[in-house]
Amino acid sequence: MIAEMLSQVSLENLRRDLFRLCRDPFSFRTVSYTAPWHARNSLDETDDFLLERLKSLGTSPRAIPNRVRPYRCNESKDIHRWYSFPYTTDPSYPARSIEVTLTGNDCPGEIIQLIAHKDSQSWINSAGAQDNATGTVVNLELIRLLAAIPHRRTIRFLFCNEEHFPWHSMAMAQEARNRGDDIIAVLNSDSFCGKSDADQAAGRKTLWSVYSTPEGKPLAELVVSLVAKYQIPIEAFVGASGGISDDEGSFINAGFRCAVVNQGSFPYADSQYHLRGDIPERVDLENLRASAQVVLAAVLEVDDRGRI
Ligand SMILES: [Zn+2]
């Protein structure tokens, strides 16, 4: 059953959505870029596209309004980390997170939480292809497949903004905590396929499942073990992060500690990280499809087994 599901992950869907989000009709996904002659910023327009797509897949997406500021750009820092905190006097803009809930049949109170930040870098005009159109399109493809089958537990997807300030995942995680949600696993999809120039040139397909607290280690090990189990054409590794960060970190800090981020390399080695060169043409689509298969396998395994 799981192997059959994995075979349905569509490289063509991933390619099409990747280029839609990074090339045409959207070049960027930020509040700080509005296409010429357009009335609304590119992040707002992207959100409408995602909402329409999610409705067409038969789901009922929830748009959750919030406000963000673009990061300031500090060119005296390391070139990959030019973002710097906005001033409190900088203008804020209306933004949205999008949530999709696929309710489980047997244990609806147990939640598998997937995350992908959908925005591109707000301090520089970068298409943000690997970071993080790749995670966005993978999670879209997973929704297409998972919405069509029965599953035991609830599978919830958050599409948020992480290249703007503040991170709305923090508020969402805290709300989940306040409601008493039982989130049994958190899988953040962020920057698939990003790898070193040497690995890129060699055609290596890689995925790292990275945990940052001991409770996340079994989940990372499960993710990596599925590559051999289902013979997915990718090399997968477990990574241990020195600190709690990223959107899964928002959930860890709210007490949901069985959490990983799945990404292309660790430490992240893409030479175009946070630069204008992070374009969709550089994304290794076979690597992207295999990454989607690994995450889908992990969701289905956790759905079947329950808490790990
Ligand atoms: Zn980033």
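**Exercise 1.** Find which residues of H4 and H9 meet.

*Solution.* Thr-134, Val-138, Glu-141, Leu-142, Leu-145 and Leu-146 in H4 meet Leu-288, Ser-291, Ala-292, Val-295, Leu-296 and Val-299 in H9. Two residues are in contact if their C-beta atoms, placed from the backbone, lie within 7 Å. Next, sort these residues of the H4 and H9 contact: nine are nonpolar, two polar and one charged. Here Ala, Val, Leu, Ile, Met, Phe, Trp, Tyr, Cys and Pro count as nonpolar, Asp, Glu, Lys and Arg as charged, and the others, Gly among them, as polar.

A word on the model: it is predicted, with local features needing pLDDT of at least 70, side-chain atom pairs counting only at pLDDT 80 or more, and totals for chains, interfaces and linings using all residues. Residues are numbered from 1 along each chain as its sequence is written.

**Exercise 2.** Describe how H4 and H9 cross.

*Solution.* Start with the axes, lines fitted to C-alpha atoms, for helices over the stretch in contact, with angles from 0 to 180 degrees between N-to-C directions. Those of helix H4 (residues 129-146) and helix H9 (residues 285-305) come within 10 Å and cross at roughly 50°. H4 and H9 are therefore oblique to each other (under 35 degrees is roughly parallel, over 145 roughly antiparallel, 65 to 115 roughly perpendicular, the rest oblique).

**Exercise 3.** Work out what share of the protein's residues is buried.

*Solution.* Count a residue as buried if 20 or more other C-beta atoms, placed from the backbone, lie within 10 Å of its own. Buried residues make up 50% of the 308 residues. To finish, picture the box that the C-alpha atoms fill: roughly 50 × 45 × 40 Å, along the principal axes.

Methods
Buried ≥ 20, exposed ≤ 12 C-beta atoms within 10 Å, placed from the backbone. Helix = DSSP H or I, 4+ residues; strand = E, 2+ residues; numbered from the N terminus.
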